[in-house]
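Visitor: Could you show me how to read helix packing and a nonpolar core?
Guide: Gladly; let us look together.

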Amino acid sequence: MKLTGEILLEDMSEAERARAQVVESVLPAVREAAREVDARAQFHMPHVRHFSEAGLLGLIIPTEYGGLGGGLRDLAAACFALGSACPSTALAFFFHCSAASRGLLAMEALEAGLFNDEEAPVVRQFAERVLHGMGRDGFWFANFASESVKSEKAAVTISTEAHKVEGGYLLNGVKSFGTGTGVADKYLVTASLAGYDTAEGLCTFFVDRDGDGVRPRAPWDAIGMRGTSSGGIVLENCFVPDELALAIPGAFTRCMQMSRGSFVGNQMAAVCGYAGAAHSAYQNVLHHLTEKKFADTGKPIGTAPYQQELIGKMMVDLQTAILWLRRQLQLETSEPPIASKHEVVKQWRLCKGVVAECGFSIATNALKASGTSGTMGDPARFLRELTMGIVQAFPAERGRLMAAQMEVEGAEQNLFGVADKAAEKSAEKEPG
């Protein structure tokens, strides 16, 4: 039987298919709770236990740390499958998995010799705490980096500050977005060391969800993806002991150098969740149009020229989204690499906009094709969910603009014989 994840990832290895079967095992429960998640705008708490017991919280954690040993291909397929069942849950799961980069990239940086003998034990201890927590211990993580503060050159500016005090650090700031607020077992928080105004000062801290100086922001009231618990947190003199901090200046940027893609290198998996939702929106309306019949002829509504035109458009959009994602996966996972990081990031900026816009188009046309009697329920929900795709992170228009800037700058550098190191360095610092 074809697994849901195989709709995106057709060439799964035996090991990847085994992991995809674990994802498939939780889909019925995720799908059953989807309407309630959307209506209540709350994460479905039983999912934490179900995912943990299945081992999915360690999907991309190496087996030596108690995980399932998957990689970006597994995460992309999982987010697609979960998105087809409940987009909110898919997004929350992606952001949990994104926390793995704080361990995986740190380990790669250690192997690359980017830390000296004094720094290495601190980095290793922190990385292992992340990897064991997600793998062996089956904890759900919330990854707080995003803030409402923006700058002209970056989607997010880290204004949360960490001040060194005896035995640890005091954190102060507001995190505007982080799925799993009040849900996750562990919080990972990105903050800037006091006295630094560049990425060299970015550090990562384990924060106690229920600790002193930590409180949730107002609930996130969005048009879609409403059940991710993404309200964010407020930090007021929140104390973090030294052993729960990776506060070595420059550690964050050194770890990010190990990423194959933009920022932490797994962002494309989030958009796979939107593609999964688009797939379900299409399947949902196709079922409706074939099941419902004209009263006079008994033919399915889907045989009407108007509906068939919309079906054809949805087919094109769905295949376009899937093909772009497969290409991005190839660029980010091929061994040896087939493109420079500069090219991978440029392609990604285009890819996520294409996928988001195709998903929104599918949802819009599904609603059109449903007719007045079919506009409530799932068609309307999928439209709201997929609306989030065209605004989350940054709009497709901005992605195209930034990709074009990279293209022109790259051509200009080649014209004058200048290497593209500066552009790659800029891409590595791009906030997610």
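Visitor: What is the handedness of the crossing of helix 1 and helix 3?
Guide: A crossing is left-handed if the near helix is turned anticlockwise from the far one by less than a right angle, and right-handed if clockwise. Helix 1 and helix 3 cross in the right-handed sense. This is a predicted model, where local features need pLDDT of at least 70, side-chain atom pairs count only at pLDDT 80 or more, and totals for chains, interfaces and linings use all residues. Numbering starts from 1 along each chain as its sequence is written, and side-chain values use heavy atoms, without hydrogens and water.

Visitor: At what angle do helix 1 and helix 3 pack?
Guide: About 20°, between residues 14-40 and residues 72-85, with axes 8 Å apart. Helix 1 and helix 3 are therefore roughly parallel (angles under 35 degrees).

Visitor: And what is the angle between helix 8 and helix 9?
Guide: Helix 8 packs on helix 9 (residues 305-333) at about 155°, their axes 10 Å apart. The pair is therefore roughly antiparallel (over 145 degrees), and helix 8 passes helix 9 in a left-handed crossing.

Visitor: Which residues touch the most other members of the largest nonpolar core?
Guide: In soluble globular proteins, nonpolar side chains tend to be buried together. Here the largest nonpolar core has 123 residues, and F93, L171, F205 and V207 touch the most other members. Helix 8 (residues 268-291) gives the largest share, 13 residues. Core members are buried (under 20% relative accessible area, 1.4 Å probe, protein chains only) and joined through side-chain atoms within 4.5 Å.

Conventions:
Axes are lines fitted to C-alpha atoms, for helices over the stretch in contact, and angles run from 0 to 180 degrees between N-to-C directions. Helices (H or I, at least four residues) and strands (E, at least two) are DSSP runs, numbered from the N terminus. Angles under 35 degrees count as roughly parallel, over 145 as roughly antiparallel, 65 to 115 as roughly perpendicular and the rest as oblique. Buried means under 20% relative accessible area, exposed over 50%, partly exposed in between (1.4 Å probe, protein chains only).
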